[in-house]
Amino acid sequence: MNDDYATLQLTEDGQLRNFISIRGLPKSILEQILDTAASFVDVGGRDIKNVPLLRGKTVVNLFFEPSTRTRSTFELAAKRLSADVLNIDIARSATSKGESLMDMLRNLEAMASDMFVVRHADSGAPHYIARHATPNVAIINAGDGRHAHPTQAMLDMYTIRHYKGGFEGLTVAIVGDILHSRVARSQIYALRTLGAKEIRVVGPKTLIPTAIESMGVNVFTHLEEGIKDADVIIALRLQKERMDSALLPSESEFFDQYGLTNERLKVAHPEAIVMHPGPINRGVEIASEVADGPRAVILHQVTFGIAVRMAVMSMSMGGREAERNAARRQQEAQHVR
Ligand code: NCD
């Protein structure tokens, strides 16, 4: 499976071509994403906020699930790279007239699209699209079911590296609804690959996947124990849209036991940062005093997200181009022979 993710995502000489999952990617690629993103962070502060790396390319945003941050930062990232951007309004598209997903994608491919940014409720949808539906278009996963949200994980890694200087020696606690979180899964793979010292998941037993220890994490069901001395604390939303209601007591009970408050954060490392992928639910997983307080870096995550998405898009387009050039050279060589 890991090999499958590696071949789907990397060219023969190891460049990024699709971005579906952190799984299967080597540390060098994750570091390349972070370093490339660093070179893009300043672009947002300039008078003229674009660079020409994707000029003449067409990026299609296909969001089959609601999104605010991810969709708009992908759109901004593509525009800052000078791409032409198409946002498909799925609710108004012909899929509502019964057209299959495969047919819709083939039509978009026939319009000479270069990249699809896909969010889908089904785990595995971007993988399937990359493999079967449109193998010639670069596919970037913008969140699939409970499976993966790799650009979110990489913008979180960027944020951690920015504030903590690296990953060595770090203890990171991911708190809340781990069971339904594609973000948590991708973060765990990324933190392991980048070499964090300890990864903890913290939450009620019912919201922690069984056998998650096999991913190399330590499990805590008591909040204070789980965040004790942690350098980074990541709060997650209760993802009720994926939840069987029996799993959860009530929002107020959840807050009483697992909500992040200033009082509870006293046990964390004195310089601990608090992160959240958004959307935040104040008074459920996080108190306003924390979300708006000095430890929170939640809005910086959003800003860094643009640069990280620019990095992923430009790298995968570069990989695709290298692949096409290599194929062309091979064809020419055969012709000469
Ligand atoms: C996350 C998602 O969609 O998985 N949000 C995001 O992309 N910023 C987390 C969530 O919905 O809670």
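Which loop holds serine 82? Serine 82 sits in the loop between helix 3 and strand 2. The model shown in these views is predicted, with local features requiring pLDDT of at least 70, side-chain atom pairs counting only at pLDDT 80 or more, and totals for chains, interfaces and linings using all residues. Residues are numbered from 1 along each chain as its sequence is written, and side-chain values use heavy atoms, with hydrogens and water left out.

**View A. Strand 1, helix 3 and strand 2 form a right-handed β-α-β unit.** Helices (H or I, at least four residues) and strands (E, at least two) are DSSP runs, numbered from the N terminus. A crossover is right-handed if the path from the first strand over the helix to the second runs clockwise with the strands pointing away from the viewer. Strand 1 (residues 58-63) and strand 2 (residues 84-88) run parallel and are joined by five bridges; two strands pair if DSSP finds at least two bridges between them. Valine 60 has leucine 86 in strand 2 as its bridge partner. Serine 82 has a phi near 70 degrees, a positive value in a residue other than glycine. Serine 82 counts as buried because its relative accessibility is 19% (buried means under 20% relative accessible area, exposed over 50%, partly exposed in between, with a 1.4 Å probe and protein chains only).

**View B. Alanine 91 lies in the loop between strand 2 and helix 4 (101-110).** With a relative accessibility of 66%, alanine 91 counts as exposed.

**View C. Strand 3, helix 5 (residues 125-133) and strand 4 make a right-handed β-α-β unit.** Strand 3 (residues 115-120) runs parallel to strand 4, and five bridges join them. Opposite histidine 120 stands aspartate 144 in strand 4. Seven of the seven residues of strand 4 (residues 138-144) are buried, so this strand is largely enclosed by the rest of the structure.

**View D. The largest pocket has a volume of about 470 Å³.** Its lining comprises 28 residues, of which Arg119, Arg182, Arg237, Gly278 and Pro279 are the closest to its centre. The elements giving two or more residues to this lining are helix 3 (69-80), helix 6 (150-164), helix 7 (182-194) and helix 12 (298-336). Helix 12 gives the most, with five residues. A pocket is an open set of points on a 1 Å grid over the protein atoms alone, where a 1.4 Å probe fits, with protein on both sides within 12 Å along at least five of seven lines; lining residues have an atom within 4 Å of a point. The volume is the space filled by probe spheres set on the points. The lining of the largest pocket divides into eight nonpolar, 12 polar and eight charged residues. Domain 1 (2-148 + 303-336) and domain 2 (150-300) both contribute to the lining, so the largest pocket lies between them; the domain bounds come from an automatic or database domain assignment.

**View E. The peptide bond from glycine 278 to proline 279 is cis.** Omega of this bond is near -5 degrees. Proline 279 is placed in the loop between strand 9 (273-275) and helix 11 (288-291).

**View F. Aspartate 229 is found in the loop between helix 8 (223-227) and strand 8 (232-235).** Phi of aspartate 229 is near 60 degrees, a positive value in a residue other than glycine. Aspartate 229 counts as partly exposed, at 44% relative accessibility.

Notes:
Ala, Val, Leu, Ile, Met, Phe, Trp, Tyr, Cys and Pro count as nonpolar, Asp, Glu, Lys and Arg as charged, and the others, Gly among them, as polar.
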